[in-house]
Amino acid sequence: MVASPSVLERVASLPWPGIASFRQRILLRGVFLLLAVATLAMAVTLLQEEKALSYRNYQTSFRKTQEQVSSRLHHPAGQLALLNPAAASVPVTPLHPYVLPYAAIDFDDASKVQQAVETTGCLVQYRQYGAVCVAVGSNPWAGGFIYIAGRFASDDLVGRSPGERDLRGTHRVRVTLDMRGQTSRWVAPFERMDRSDGGGATSPSAGVRGRLAGFIDTDGPDMLGVARPVRDFRGWAWQSSPCIDAADSATTGRCRKGTFFSIRLPVEVFREALFREPRPDWPPADLEKTLLRVEVYAPGGDASTPIFDSNAEGATPPFSLNDLRGLLLPGETLRVKKVGGSADLVKLAAVTDDAPEAWPWIDRLIRQLPVEGFDTALEAKDVVSTALGSYEVTLTGDVRGVNRALASVATRMSWFVGAMLTALAVAWLVVEVGIIRRIAELTRRARAVSAEVRSEDGVRHFNVADLRGKDELGILASCLHDLLQRVNEDVRREHLRAERERDTWHAVGHEIMSPLQSLMVLHGEADDPSARYIHRMQQAIRVLYGSASPSEAFQSSQLRLDTLDLNEFLAHVATNAQEAGVASVRFVAGSSAGAVKVRADEYSLEDVLTHLLTNADRHRAPGSDITITLEVTGDRASVRVHNAGEQIPAELFERIFEYGVSDPKAATGEAGNTTRGQGLFVARTYMAKMGGTVTARNEDGGVTFELLFPLAG
């Protein structure tokens, strides 16, 4: 908006404020110029370049770590670690079952068993060629067995002859299971089943294959006469032909061969749970407390000393999630949790150097140096799917290690840092004392304006005279002080105007009420038709009496709602409409011939209909009728006032029920009357207070206003 010439002349006539008004601005620019020079001096040094280079190297290393971790966990050995997160926190011996990523193991096939245990890496390694894996399948419906697979070194296997009861002359496997307070023990002697070539002769190159028949162990050599083999105990043993150590064999003449065995161990607790409801939890929660011991005995010798014992010292556990810590670089953290779960199964952090920095403030400064992407958190997520659900693996990086590496370089630039800190200190002091303090005080006082303008005193309590001065803030405070003084005067004048208007309404109401009381005495008989209109005039005066404005009066008015028969009421309104100056009004009861009861204020509803009829009369076609129709639909009553004639203009259609909005022709008196845009506003206000609504719509050849009421009761 262009200012008027008089205003421009006043501004031009003001005296020049002098150099003092620009003092704060010049000083502030000078301080920040020094800060920019110091920042530029540091930006062109080796620090920023080295930081960017170190950060790129760190990103490359981070991606490499993420690939390694993801590769390990997607491997079956990694899935084994995910399915057994607690395995790393319990001792490796005695053995406890691992949950395999497979539903079960085909224990009858040597190659399949070897592939399964070696691929998953579930073997616990021992010295002297020994290894054993104890596991359960990932699906309880596979039978609820414990699988034992492993290897040991021995001389040629000696099998049990049919019917032989004394096991001291055979190779045998003893399995001990401690589970839920109970101990079970089986002994499985080797029973040879020679392989044959096509001609029926035994093929020595094929090795030795045999069965491990399981019996309940009575802890004695002669146990087979009191028990038959356990039906669900299945085991196999395969001994290879070559010697494990050919050089040792040539020296000692003893050929020790490798034997691989596979056992399916029946567990009644698991199997019984399969037939109970609800479905059993799998894997069982107490797998870490289920302990197993596998011993292999050779024929003859010391029967109390096994050639292989799974409780032997020096056992190396399988891969676990804790082993991933070695892949992490300083500052990296690995978290693993089950998808949909809230708690982390494991959280691993790389070992970092916590040595204190000689200049900790330099490290904080380096973190502020701008490097693209440096402030972005390094995070990589991966989802590993297993037989028992999916696991979310999150790797996060910490770039603080990059900052620490640059601390030694930053030490040589301490003079530049000192210059920048000095500039910052000066700038802070000047801004805080000279500008920010005054702005804060000015803002604090300005906040009181919104509260004070609502009070009768206006903003007279707001005063910034003490903040005026010759600089920019002082000039702003002076202008604001003068402006608010003018606003205060305008507010006081508005209060006075409102009070005078309220007094005027009081006086008008008082003067009209007196003659109305006299008229009511003259026309107080119940059968006097004039009494009804006098009552309506009294109600209208009571609504407006003492209000600041008509709209405020209508909105704050209180109505008395009584049960009213619309059929009888509308017939009366249509009959007496001509007395209100509206001729040719017809009432059509529609489908509602009986009484239609609604809750309404009789006089207010008559005012509503009078305004609608007057509006319809003003806009109807000459000689046409105004029709009032009553319909009942469900629990609502509908009153329609229709007139044939001109329709509501599109630009006024959405605003006709607002106060002060009227048809231009009616407002200028072309229709014979003038209006202030008050009738439809009163109709909508009274209908809302009676629980109803009023709407308008243009129809072919005219306009219809519709009143909707909820039926009484």
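# Working chat on a predicted model

Trainee: Does Gln-368 count as buried or exposed?
Mentor: Gln-368 counts as exposed, because its relative accessibility is 62%. The cut-offs are under 20% relative accessible area for buried, over 50% for exposed and partly exposed in between, with a 1.4 Å probe and protein chains only.

Trainee: What kind of model is this?
Mentor: This is a predicted model, in which local features need pLDDT of at least 70, side-chain atom pairs count only at pLDDT 80 or more, and totals for chains, interfaces and linings use all residues. Residues are numbered from 1 along each chain as its sequence is written, and side-chain values use heavy atoms, with hydrogens and water left out.

Trainee: Back to Gln-368, where is it?
Mentor: Gln-368 sits in the loop between α8 (360–367) and β15 (378–386). Helices (H or I, at least four residues) and strands (E, at least two) are DSSP runs, numbered from the N terminus. In sequence Gln-368 is 35 residues from Asn-403, and their C-alpha atoms are 9.9 Å apart in space.

Trainee: New topic. Which residues does Tyr-98 touch?
Mentor: Leaving out residues up to four places away in sequence, Tyr-98 touches Leu-80, Asn-84, Ala-87, Val-134, Ala-135, Val-136 and Pro-318. Contact means heavy atoms within 4.5 Å. Tyr-98 belongs to strand β1 and is buried, with a relative accessible area of 8%.

Trainee: And how many residues of α4 are buried?
Mentor: Seven of the eight residues in α4 are buried, so that helix is mostly covered. Those buried residues are Ala-77, Gly-78, Gln-79, Leu-80, Ala-81, Leu-82 and Leu-83.

Trainee: Which peptide bond is cis?
Mentor: The bond from Thr-93 to Pro-94 is cis, and its omega is near -5°. Pro-94 is in the loop between α4 (76–83) and β1 (98–99).

Trainee: What about Pro-284, buried or exposed?
Mentor: Pro-284 counts as buried, at 11% relative accessibility. This proline is in the loop between α7 (268–273) and β11 (291–297). Pro-284 touches Arg-180 and Phe-270, not counting residues up to four places away in sequence. Pro-284 and Val-136 are 148 residues apart in sequence, with 9.9 Å in space from C-alpha to C-alpha.

Trainee: What is the phi of Gln-128?
Mentor: Gln-128 has a positive phi of about 60°, although it is not a glycine. Gln-128 is in the loop between β2 (124–125) and β3 (131–136), and its relative accessible area of 63% makes Gln-128 exposed. Ser-584 also has a positive phi, near 60°, and is a residue other than glycine. Ser-584 lies between α14 and β18 (585–588), in the loop, and is partly exposed at 42% relative accessible area.

Trainee: Now helices. At what angle do α14 and α15 cross?
Mentor: The axes of α14 (residues 566–576) and α15 (residues 602–619) cross at roughly 50° and come within 11 Å. Axes are lines fitted to C-alpha atoms, for helices over the stretch in contact, and angles run from 0 to 180 degrees between N-to-C directions. The two helices are therefore oblique to each other; under 35 degrees counts as roughly parallel, over 145 as roughly antiparallel, 65 to 115 as roughly perpendicular and the rest as oblique.

Trainee: Which residues meet there?
Mentor: Leu-566, Phe-569, Leu-570 and Val-573 in α14 meet Glu-602, Leu-605, Glu-606, Leu-609 and Leu-613 in α15. By class, this contact of α14 with α15 has seven nonpolar, no polar and two charged residues. Ala, Val, Leu, Ile, Met, Phe, Trp, Tyr, Cys and Pro count as nonpolar, Asp, Glu, Lys and Arg as charged, and the others, Gly among them, as polar.

Trainee: Last one. How many aromatic pairs are there?
Mentor: The structure holds five aromatic pairs. In one of them, Phe-657 and Phe-705 have ring centres 6.3 Å apart and planes at 80°, so the pair is edge-to-face. Rings of Phe, Tyr and Trp (its six-membered ring) pair if their centres lie within 6.5 Å; planes under 30 degrees apart count as stacked, over 60 as edge-to-face and the rest as tilted. Both Phe-657 and Phe-705 are buried.
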